[in-house]
Amino acid sequence: MSLLLENAANSIRLGLEDFDTDEDDRLLSAARNLHAGLLLLYKEKLRRLSPTGSDEVLLKQNIEPIFDSAGNLTFVGKGRKTVDTQKIKERFKSLEISADWKSLDEVTKIRNEIEHYFTTAGKDAVREIISKSFILFRDFTRGELSEDPRDLLGEDAWLSMTDISEVYEQERKECEDAIENYEWTASELQDAALNTSCLECGSSLIEPINDPKRPDVRCRSCGKIQIFEEFAEHAMAEGIDHHSHIKDGGDSIVVICPNCSQETYHYELGMCVSCEESVDHDCDRCGSTIPPEELDYDSLCGYCRHMMSKDD
Ligand SMILES: [Zn+2]
Ligand SMILES: [Zn+2]
Ligand SMILES: [Zn+2]
C-alpha cells in the first residue's frame with residue numbers, strides 16, 4: 001500500500017478516535033482529521049496517475065515544462081508544495097475524475113464552523129461530518145481507487161463509521177420522540193415542530209427543553225436555543241404546508257395574533273399557539289363568521305367594523 005493511502009486511512013481512523021474520546025476539545029481535531037483524510041485519498045488518485053520519473057507531477061501545486069534526456073518536452077512537479085483543495089478540483093475536472101464535491105464542501109463548511117464557533121458546536125456536528133466522510137471515503141475508494149474501503153479502514157473503524165451514521169438516524173428519532181412526549185400548547189404546534197428544522201444551521205436534530213407545555217427548542221447540531229415564542233412563530237411558518245392549503249382554496253391557516261402580534265394565531269383551532277389567547281370568530285353585529293385576516297378583539301367582521309366606525 002502506498003504511503004499516501006496509508007496516511008489517508010490513518011487520518012480517518014484518528015478522527016474517529018478523537019470522536020470516541022468524548023472530550024469536547026478533541027471534536028475539532030476529529031473534524032480536521034476526517035477532512036484531511038479525504039484530501040489524502042484524492043491525492044492518492046493524482047499520485048497514481050502521475051507518470052514515472054515526473055516527480056509525482058500531478059501532486060505538485062506547481063508544474064514546470066522541461067526537456068527530458070532524449071530532448072522531448074515533458075512536465076515535472078516543481079518545488080515541495082502539494083496541491084490544495086482548489087487545485088485538486090481543477091485537476092480532477094480536466095482528468096475527468098468524479099468526486100462528490102458538494103458533500104466535501106459541506107464537510108469543509110462544518111469543519112470551518114467548528115473552528116470558528118467552537119463553543120457552540122456539538123458532537124452532532126462532527127457526527128454529521130463522519131456520516132458524510134464515510135460515504136465519500138467508501139464511494140471514492142471503490143469507484144476511483146478500486147480498493148476495498150473495509151480492508152483499508154480496518155474492521156473496527158469501518159463498523160464504527162457505519163454505526164455513527166446509524167446513530168445520527170437514531171438521534172433524529174430521539175428528537176421526534178421528545179417532541180411527541182412534550183405537552184405543547186396545542187397539537188397543531190407539536191405537529192409543526194416535527195416538520196421544522198434549526199433556524200440557524202438547518203439541522204433537523206432539534207429537541208424541546210425546559211417547560212413541558214411551552215418548551216424552548218435546542219438544536220443538537222449547533223447548540224442554538226430558540227425561546228418558546230420565537231420557535232412557535234418559526235414552526236408555524238416552516239412546519240405547515242401553507243402553500244397547498246391556500247392553493248386548494250382554503251383560508252390562511254395562521255394569522256397575526258390580535259393579542260401578542262406574532263404570526264401564531266391558528267384560525268381553525270381558534271387559538272394562538274404562542275400566547276394561548278382566543279378571540280370571537282362570530283361577528284357581534286351581523287352574526288357572520290369573521291375571516292382569518294379580520295379577527296380582532298372587538299368581535300366584529302371587517303365590514304361591520306367599518307360601518308361602526310362611520311357611526312362614531
Ligand atoms: Zn442548528
Ligand atoms: Zn398570541
Ligand atoms: Zn359583521
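The talk below covers nonpolar cores and a cavity.

Mentor: This is a predicted model, where local features need pLDDT of at least 70, side-chain atom pairs count only at pLDDT 80 or more, and totals for chains, interfaces and linings use all residues. Residues are numbered from 1 along each chain as its sequence is written, and side-chain values use heavy atoms, with hydrogens and water left out.

Trainee: What makes the set with Y42, I88 and F92 a nonpolar core?
Mentor: A nonpolar core is a set of buried Ala, Val, Leu, Ile, Met, Phe, Trp, Tyr and Cys residues joined through side-chain atoms within 4.5 Å, and buried means under 20% relative accessible area with a 1.4 Å probe, protein chains only. The largest such core has 45 residues, and Y42, I88 and F92 are among those with the most contacts inside it. Helix α2 (27-49) gives the most, 11 residues; helices are DSSP runs of H or I, at least four residues, numbered from the N terminus. Apart from this core lies another, of 22 residues, including I206 and F228.

Trainee: How do you know that there is a cavity?
Mentor: On a 1 Å grid over the protein atoms alone, a cavity is a set of points where a 1.4 Å probe fits but cannot get out. The search of the whole structure finds 1 of 30 Å³ or more, and about 60 Å³ of space lies in the largest cavity; a volume is the space filled by probe spheres set on the points, joined across faces, edges and corners.

Trainee: Which residues line the largest cavity?
Mentor: Lining residues have an atom within 4 Å of a point, and among them are C198, I206, R218 and F231.

Note on methods:
Chains lettered and ligands numbered in written order. Buried < 20%, exposed > 50% of the residue type's maximum accessible area, 1.4 Å probe, protein only. Helix = DSSP H or I, 4+ residues; strand = E, 2+ residues; numbered from the N terminus. 1 Å grid on protein atoms, 1.4 Å probe; cavity = no way out; pocket = protein on both sides within 12 Å on 5 of 7 lines; lining within 4 Å.
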